[in-house]
Structures are given as structure tokens and as C-alpha cells.
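This report works through one protein chain, from its overall arrangement to a few individual residues. The sequence and the structure are shown first, and the discussion follows.

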Amino acid sequence: MPGRNAPPDPTAGHRHPVSQGSTSMDDHGFTSDIAFTETVKQLQTRNGSREAYAKMEAGSGWSDRITPQLADFIARQNSFYLATVNADGQPYIQHRGGPRGFLKPIDDRTLGMADFRGNRQFISQGNLLESRKAFIFLMDYANRRRIKIWGEAWMIEGDEALLQTVMPEGYAAAPERVLLFKVTAWDPNCPQHIPRKIDADEVDAMLAERDREIAELKAQIERLQKGN
């Protein structure tokens, strides 16, 4: 059941300085400034939440590193959403899927994945040629957890060694290039309003376990009946 073998909470160990002795992003402002623009901060002030977020900024802030907890959370996901934007500022969001762990940490600031052959629209790739600004949204419905990751992304073609490094073993898909994503900041969202959903493979596993337990109980009953 969801929660019985829940993955480690990615927020554990997250609330710590993003770099040694500093909560700044490249020593200019806070990592959360990538989302908390002056307009956003004005709205937070107007609605009464700025003080709490200012304390967060002055304290541990948002991390710009892929912590072990975040890496574990990512390794358990079989899909995520990638947002990009073109030169005109038009946003686009694309679902990316694969076997669990297909999105992989390359180092403590970089995520990578094989870009599989798709519908040949090339919208995300085209957007990234115009702007590297990107966003990853990870959702764990079963455990009602979500992670927001801001950063920059780009595609690499012709690097067969890197492609083989990120390609999931045994996965029946045609990899064409590598998508790299450099993390600027990440933050876990609260579980509020997340509907609880379970993937079909997890349901199958739970049903198989239930059937196994039922079979064992039936066998025990039969043995007891024969003993009487």
C-alpha cells in the first residue's frame, strides 16, 4: 500500500545552506530569486506570506545541489514534465516517460536522460536552442509528493559514450540525443490537493502479493482441516 514502503522524503536534509557559508545563488541574491521576482515578493507581502519566505531565504534557502534524498526520489520516478520557452516567451510543457530511473544525476548539479525518438515535432529542442531556461516538475502521486526544479537545459548530439551512460538498460526505445539539465534551484511542494494515484505496475505487484498471501492462508486451512 502507498506509504507502507514509501521512499525517503526528499525534503529530509534539504533545508540546509546551498553552499558553504552562503544561501546565495552564484553569490548574487538567493536561489529562490529564480521564482521569487520582485513582483512575486510584492504579492507575497500583500497576501501576508513574505515574512515567512524571507526567513526561509535568510536561513537555509532552496538548494542548488542534487542531494542523496533528491537523487533517490528521482530514481523512483517513471515520468516527469519538462517546461521550456521560446524566444517569444511562449511556454511549452512536455511529458517525458521511461523506466524508473531514466532521469539520472550526472553530477551534483546536473541531470541527464536519453532523448527518445518521438512524434518529430522538436518543440522542446527548438525552444532550448532559443533559450536554455527550463523547468522540471516531478510528481509522486502514490506518496503525494512533488518536486519543482528550475535550471537550464540543452541537447547534446553525437556523443555516443554519454548516450550509453544515460540510456536505460533493456528499454525498447530509440535514443537520438542526450538532454542535460543544470539545476539552479529546487523546492519540494506541499502535498495539499494532490490526488492519490498508483501506477498499474505497483497495483499489479500489490495484487500479486495479496494473491500469494491468500494462497498461503488457504494452504494453512487445508492443513488444519486434514489434521482434524
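Among contacts in the chain between residues at least 6 apart in sequence, what percentage join residues at least 24 apart? The share is 72%. The model from which this and every other value here is computed is a predicted one.

**Overall arrangement**

The secondary structure of the chain amounts to six helices and seven strands, and from the N terminus these elements follow one another as α-α-α-β-β-β-β-α-β-β-α-β-α. Of the 228 residues of the chain, 37% count as buried.

The seven strands form an open sheet in the order 2-1-5-6-7-4-3, with antiparallel pairing. Strand 2 and strand 3 (104–105) are its edge strands, each of which pairs on one side only.

| Strands | Sense | Bridges |
|---|---|---|
| Strand 1 and strand 2 | antiparallel | seven bridges |
| Strand 1 and strand 5 | antiparallel | four bridges |
| Strand 5 and strand 6 | antiparallel | eight bridges |

Helix 3 packs on the sheet, where it touches strand 3, strand 4, strand 5, strand 6 and strand 7, and the direction of helix 3 makes about 85° with that of strand 6. Helix 4 also packs on the sheet, touching strand 1, strand 2, strand 5, strand 6 and strand 7, and the direction of helix 4 makes about 130° with that of strand 2.

In strand 2, Arg-96 is the bridge partner of Phe-80, and Pro-91 is the bridge partner of Val-85. Thr-84 stands opposite Ala-134 in strand 5, while Phe-135 stands opposite Trp-150 in strand 6. Strand 1 and strand 2 form a hairpin with five residues between them, and in its turn Gly-89 has a positive phi of about 85°. Strand 1 itself has two faces: Phe-80, Leu-82 and Thr-84 make up the covered one, whereas Ser-79, Tyr-81, Ala-83 and Val-85 make up the uncovered one.

**Helix 4**

Which residues of helix 4 (residues 123–130) are buried? They are Ser-124, Gln-125, Asn-127 and Leu-128. These residues lie on the same side of helix 4 because they cover an arc of only 160° around the axis. On the other side of helix 4, Leu-129 and Glu-130 are exposed. The partners against which the buried residues of helix 4 pack are strand 1 (79–85), strand 2 (91–97), strand 5 (133–140), strand 6 (145–156) and strand 7 (175–189).

In soluble globular proteins, nonpolar side chains tend to be buried together. Here the largest nonpolar core has 22 residues, and those with the most contacts inside it are Phe-80, Leu-103, Leu-111, Ile-136, Leu-138, Ile-149 and Phe-181. Two or more residues of this core come from each of helix 3 (68–75), strand 1, strand 4 (110–116), strand 5, strand 6 and strand 7. Apart from it lies another core, of nine residues, which includes Phe-116, Leu-162, Met-167 and Leu-180.

When its neighbours within four places in sequence are left aside, the residues in contact with Leu-111 include Ile-66, Ile-74, Leu-103, Ile-136, Ile-149, Phe-181 and Val-183.

**Two loop residues**

Gln-77 lies in the loop between helix 3 and strand 1. Is Gln-77 buried or exposed? Gln-77 is buried, because its relative accessible area is 7%, where buried means under 20%. A polar atom of the Gln-77 side chain lies 2.9 Å from the backbone oxygen of Phe-73.

Pro-195 is found in another loop, between strand 7 and helix 6 (200–227). With a relative accessible area of 40%, Pro-195 is partly exposed. Pro-195 and Tyr-141 are 54 residues apart in sequence, yet their C-alpha atoms are 6.6 Å apart in space.

Methods:
Residues numbered from 1 in each chain as written. Predicted model: local features only at pLDDT ≥ 70, side-chain atom pairs only at ≥ 80, totals over all residues. Heavy atoms only, no water. Buried < 20%, exposed > 50% of the residue type's maximum accessible area, 1.4 Å probe, protein only. Arc of directions from axis to C-beta. Contact = heavy atoms within 4.5 Å. Core = buried A, V, L, I, M, F, W, Y, C linked by side-chain atoms within 4.5 Å. Polar contact = N/O pair within 3.5 Å; in protein donor to acceptor, adjacent residues only side chain to side chain. Pairing = 2+ DSSP bridges. Axes fitted to C-alpha atoms, helices over the stretch in contact; angles between N-to-C directions.
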